[in-house]
Amino acid sequence: MSHTSLALLSLLITLMGYYGAKRLYSCLGYWWAAPILLAPLLIIAAVLLLDIPLPSYFEYTHFLVLLLGPATIAFALPIYRERALIRRYPITLTLGVMAGLLLGLVSSWGLVKLFALPPEIGQSVLVRSVSTPFAMEATTAFGGVPELTAMVVLMTGVVGMLLCGPLFRFGRVRSSLARGVALGASAHGAGAAKAREYGEEEAVVASLTMIFTGIAMVLGAPVFALFLV
């Protein structure tokens with residue numbers, strides 16, 4: 001297979017995996033069909049079945065990572081659209097962002113110490129609670145590996161989606177604000193997607209919390225690294 005064909009096939013697999021999972025999740029609504037979980041599994045299966053060398057796959061699809069830049073800038077849009085809600089709940093959002101940011105860092109640091117993870121892995125998991133574009137930028141301040149950080153962020157989002165329901169029931173959390181802040185600050189994009197199942201206000205609050213937590217992580221990472229690395 002020529003390099004051009006291999007590149008086109010790799011791109012096609014990636015796009016079909018994502019949009020296929022997204023379509024399936026829209027139709028079924030089951031947690032296991034969420035694109036953040038199902039799309040990577042579909043892509044890995046296709047790469048293995050078609051016997052595409054992994055280095056070649058990463059080489060031909062690595063340019064997609066460049067889309068994280070525009071995606072990060074696009075986060076400004078929901079902030080502008082929901083400025084009225086931000087003015088209505090400034091203290092709630094601020095406290096949610098601060099609590100989510102600090103708890104995410106401290107819990108990650110605790111896991112690193114508890115399991116004595118190697119430095120390159122330990123430094124890559126510290127920013128696991130924020131969205132991928134912010135995490136891949138912030139992890140460099142801790143000495144982490146962006147690609148490894150992206151995988152840990154993915155796992156954190158999936159775990160957050162799975163555990164939020166039982167935790168909300170156990171803690172009798174019924175406030176839309178509390179649910180939105182908790183999901184956005186702890187499970188980033190996956191949490192925001194899950195929040196839509198609870199209601200529109202939960203989804204908006206989760207999205208805003210996710211964005212502000214990510215921005216705070218990027219801005220504070222050089223300072224946090226002084227204490228945690």
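Reader: Which side chain makes a polar contact with the side chain of Ser176?
Author: In this predicted model, Ser176 is found in helix H11, which covers residues 176–198. Beyond four places in sequence, Ser176 touches Glu201 and Glu202. The polar contact between side chains, at 2.5 Å, is with Glu201.

Reader: Is Ser176 buried or exposed?
Author: The relative accessibility of Ser176 is 19%. The limit for a buried residue is under 20%, so Ser176 at 19% counts as buried.

Reader: How many salt bridges does a search of the whole structure find, and which residues form a salt bridge?
Author: Side chains of opposite charge can pair when their charged atoms come close. The search of the whole structure finds 1 salt bridge. Its closest N and O atoms are 3.0 Å apart, and the residues are Lys194 and Glu197.

Reader: Where do Lys194 and Glu197 lie?
Author: Lys194 and Glu197 are 3 residues apart, about one turn of the helix. Both residues lie in helix H11.

Reader: What is the nearest side chain of opposite charge to Arg128, and how far away is it?
Author: Arg128 sits in the loop between helix H8 (119–125) and helix H9 (132–142). Arg128 is buried but has no salt bridge. A salt bridge needs the nitrogen and oxygen within 4 Å, whereas the nearest side chain of opposite charge is Glu120, at 17 Å.

Reader: Which side chain does a polar contact join to that of Arg128?
Author: Leaving out residues up to four places away in sequence, Arg128 touches Gly104, Ser107, Ser108, Leu111, Val152, Val153, Thr156 and His188. A polar contact of 2.7 Å joins the side chain of Arg128 to that of Ser108.

Reader: Which residues is Met217 in contact with, neighbours within four places in sequence left aside?
Author: With its sequence neighbours set aside, the contacts of Met217 are Leu101, Leu105, Leu126, Val127, Val130, Ala138 and Phe224.

Reader: How far apart in space are Leu219 and Ala203, C-alpha to C-alpha?
Author: Leu219 lies in helix H12 and, at 67% relative accessibility, counts as exposed. Leu219 and Ala203 are 16 residues apart in sequence. From C-alpha to C-alpha, the distance in space is 24 Å.

Reader: How far apart in space are Glu59 and Ser10, C-alpha to C-alpha?
Author: Glu59 has its place in helix H3, residues 54–61, and is exposed with a relative accessible area of 57%. In sequence, Glu59 and Ser10 are 49 residues apart. In space, the C-alpha distance is 9.5 Å.

Reader: Which element has the lowest mean pLDDT?
Author: Over the protein chain the mean pLDDT is 86, with 99% of the residues at 70 or more. Among the elements, H7 has the highest mean, 89. The lowest, 71, belongs to residues 68–74, helix H4.

Conventions
Residues numbered from 1 in each chain as written. Predicted model: local features only at pLDDT ≥ 70, side-chain atom pairs only at ≥ 80, totals over all residues. Heavy atoms only, no water. Helix = DSSP H or I, 4+ residues; strand = E, 2+ residues; numbered from the N terminus. Buried < 20%, exposed > 50% of the residue type's maximum accessible area, 1.4 Å probe, protein only. Lys, Arg positive; Asp, Glu negative; His and termini not counted. Polar contact = N/O pair within 3.5 Å; in protein donor to acceptor, adjacent residues only side chain to side chain. Contact = heavy atoms within 4.5 Å. pLDDT = per-residue confidence, 0-100.
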